[in-house]
Amino acid sequence: MTVTVVAMTSINEEEPMALAEYLAATGPLLEKAGAKIVKRFTINEVVVGHRPAKTVFIVEYPSREAVESVFQSDVYRSIIPSRDLAFNEYQVTIASDGEGLDQPAVAVD
């Protein structure tokens, strides 16, 4: 079953090298997992509340195992320090349409 992942991010403009390192590693991880970015949104205006992120990505994975193969991989774990420098805001969540709610959560550092 396809899994939809929502990534809410704000890039740290002061760390372009960290962002480059992060993107260089995650692109191949997504490709290997069969994941693809299907939509990208820029948050322009907040009607109620505060802006949680500047950019939102919708990423489709072929399965929950594919999500785990990215976020639990040694490669991903090795770039966490770069990720933490590259983004001021970085949240990854799994969205559901109500199907498959009995699945355990995926731990994402």
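**View 1. Lining of the largest pocket, by residue class.** In this predicted model, the lining of the largest pocket holds 17 nonpolar, four polar and one charged residues. Nonpolar covers Ala, Val, Leu, Ile, Met, Phe, Trp, Tyr, Cys and Pro; charged covers Asp, Glu, Lys and Arg; the others, Gly among them, are polar. The pocket volume is about 380 Å³, taken as the space filled by probe spheres set on grid points that are joined across faces, edges and corners. Tyr-22, Leu-23, Thr-26, Ile-37 and Phe-57 are the closest to the centre, out of 22 lining residues. A pocket is an open set of points on a 1 Å grid over the protein atoms alone, where a 1.4 Å probe fits, with protein on both sides within 12 Å along at least five of seven lines; lining residues have an atom within 4 Å of a point. Helix 1 provides the largest share of the lining, six residues. Helices (H or I, at least four residues) and strands (E, at least two) are DSSP runs, numbered from the N terminus.

**View 2. Thr-26 in helix 1.** Thr-26 lies in helix 1. Its relative accessibility is 9%, so Thr-26 counts as buried (under 20% relative accessible area; exposed is over 50%, partly exposed in between; 1.4 Å probe, protein chains only). Beyond residues up to four places away in sequence, Thr-26 touches Tyr-76 and Ile-79; contact means heavy atoms within 4.5 Å.

**View 3. The nonpolar cores.** The largest nonpolar core has 23 residues; Val-5, Val-59, Tyr-61, Val-67, Val-70, Phe-71 and Tyr-76 touch the most other members. A core is a set of buried Ala, Val, Leu, Ile, Met, Phe, Trp, Tyr and Cys residues joined through side-chain atoms within 4.5 Å. Helix 1 gives the most to this core, seven residues. A second, separate core of five residues includes Val-6, Ala-53, Val-56 and Ile-58. Setting aside neighbours within four places in sequence, Val-59 contacts Val-3, Thr-4, Val-5, Leu-30, Ala-35, Lys-36 and Ile-37.

**View 4. Strand 1 and its partners.** Strand 1 is largely enclosed by the rest of the structure, because seven of its nine residues are buried. Strand 1 runs antiparallel to strand 3, with seven bridges; Thr-9 has Thr-55 as its bridge partner there. Eight bridges join strand 1 to strand 4, also antiparallel, and Thr-4 is paired with Ala-95. Strands pair if DSSP finds at least two bridges between them.

**Notes.** Residues are numbered from 1 along each chain as its sequence is written, and side-chain values use heavy atoms, without hydrogens and water. In this predicted model, local features need pLDDT of at least 70 and side-chain atom pairs count only at pLDDT 80 or more, while totals for chains, interfaces and linings use all residues.
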